[in-house]
Amino acid sequence: MASEQPLAAVTCTAPVNIAVIKYWGKRDEELVLPINSSLSVTLHQDQLKTTTTAVISKDFTEDRIWLNGREEDVGQPRLQACLREIRRLARKRRNAWDGDPLSSSLSCKVHVASVNNFPTAAGLASSAAGYACLAYTLARVYGVESDLSEVARRGSGSACRSLYGGFVEWQMGKQTDGKDSVAQQVAPESHWPELRVLILVVSAEKKLTGSTVGMRASVETSALLRFRAEAVVPARMAEMTRCIRERDFPGFAQLTMKDSNQFHATCLDTFPPISYLNAVSWRIIHLVHRFNAHHGDTKVAYTFDAGPNAVIFTLDDTVAEFVAAVRHSFPPGSNGDAFLKGLQVRPAPLSAELQAALAMEPTTPGGVKYIIATQVGPGPQILDTPSAHLLGPDGLPKPAA
């Protein structure tokens, strides 16, 4: 029997976000409600993004999902929570307006395919981009127009921050039902055009302790985490918002580094301790501090999520010199030509004075695998061209080109 045309097919992209005031720990595991507010920078999708296609058809007998070309278990609790929430919102909307042309879609199954153009589960916020993209795409295919913070959050807490471009705050909220735990934009992507982001990929391997497991252990055993959430983060949120609004780079940079350090301190304060940083991560930290000391100014900042990869913030006039410092301290492996990806960075010489100030013997080649140069970017996008769909009209992944 020939397949009917799908009722609806939508493809969207969503960005990665990097928290500068970190989220770590939930007050409600099921609803994914955080113990503190957080603030992030949305990265540009030209360099890092998730692309997701959702197709609804009367022919489908079950919900199915493919991630990076491999079919995954659609019964995963977080995935189910997103699907349930979207369908609940779609039902609510249909009841409010009976003329909804998509009403028949609610009884149909959905097929979803998703791909990342960057390493998954390596501490590069792939789940945030993935679940934001899933929520955004499902909302379009089911005709849901409400705030999607809750849908995205149920998949991965930080995913709600990837629903917006620019600089985004996730308010922890106070209500037990989580209705006030939502993301909102602090400033748009056009607000600070000079800001640049470098991702130093130290390892693309899957991390030993996943974020969910790590958070749970920290909430149960770290006194420092509780102190951080209650006594430190509220003032930091206000200060970080001020730094962003006023484009105060030294203030932004110092607070970003301090918050990253404190987050990793809470991981060490967890029992048994969790360590996401490795020897190369620590060398990058020393490199940044020596670079800044040499300049007598905070020109560069690092932050690390739950993994060894460094995210560096700097301004466009410092990028070339800092990349030269990284190349000197972490010589590329055999991929010299492909060491720097993303935005173009003109080669710059490393002065003898700076080289002496770094006081670092170059490591064995390949300590830093590669660098992705990017900038602040927009929120999720809809791709209107049918050729962008990852699934064919039959609802199965298109063969790789």
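This is a predicted model: local features need pLDDT of at least 70, side-chain atom pairs count only at pLDDT 80 or more; totals for chains, interfaces and linings use all residues.

Start with the empty space. Rolling a probe the size of a water molecule over the atoms shows where empty space is left. Searching the whole structure turns up one cavity of 30 Å³ or more, and the largest cavity holds about 50 Å³ of space. What lines the largest cavity? The residues are Asp63, Arg64, Ile65, Val74, Leu79, Leu83, Val110, Val112, Leu134 and Leu138. Eight of the lining residues are nonpolar, none are polar and two are charged. Strand 7 (64–67), helix 1 (77–96), strand 9 (109–116) and helix 2 (126–142) each bring at least two residues to this lining.

Now for the rings. A pair of aromatic rings is described by the distance of the centres and the angle of the planes. The count here comes to 10 aromatic pairs. Take tryptophan 192 and phenylalanine 252: their ring centres are 5.4 Å apart and their planes sit at 70 degrees, which is over 60, so the pair is edge-to-face. This pair links distant parts of the chain, 60 residues apart: tryptophan 192 is in the loop between strand 11 (183–187) and strand 12 (195–201), and phenylalanine 252 is in helix 6 (residues 249–269). Both tryptophan 192 and phenylalanine 252 are buried. They also belong to one aromatic cluster, together with Phe167, Phe249 and Phe313.

Terms used:
Residues are numbered from 1 along each chain as its sequence is written. Side-chain values use heavy atoms; hydrogens and water are left out. On a 1 Å grid over the protein atoms alone, a cavity is a set of points where a 1.4 Å probe fits but cannot get out, and a pocket is an open set with protein on both sides within 12 Å along at least five of seven lines; lining residues have an atom within 4 Å of a point. Grid points are joined across faces, edges and corners, and a volume is the space filled by probe spheres set on the points. Helices (H or I, at least four residues) and strands (E, at least two) are DSSP runs, numbered from the N terminus. Ala, Val, Leu, Ile, Met, Phe, Trp, Tyr, Cys and Pro count as nonpolar, Asp, Glu, Lys and Arg as charged, and the others, Gly among them, as polar. Rings of Phe, Tyr and Trp (its six-membered ring) pair if their centres lie within 6.5 Å; planes under 30 degrees apart count as stacked, over 60 as edge-to-face and the rest as tilted. Buried means under 20% relative accessible area, exposed over 50%, partly exposed in between (1.4 Å probe, protein chains only).
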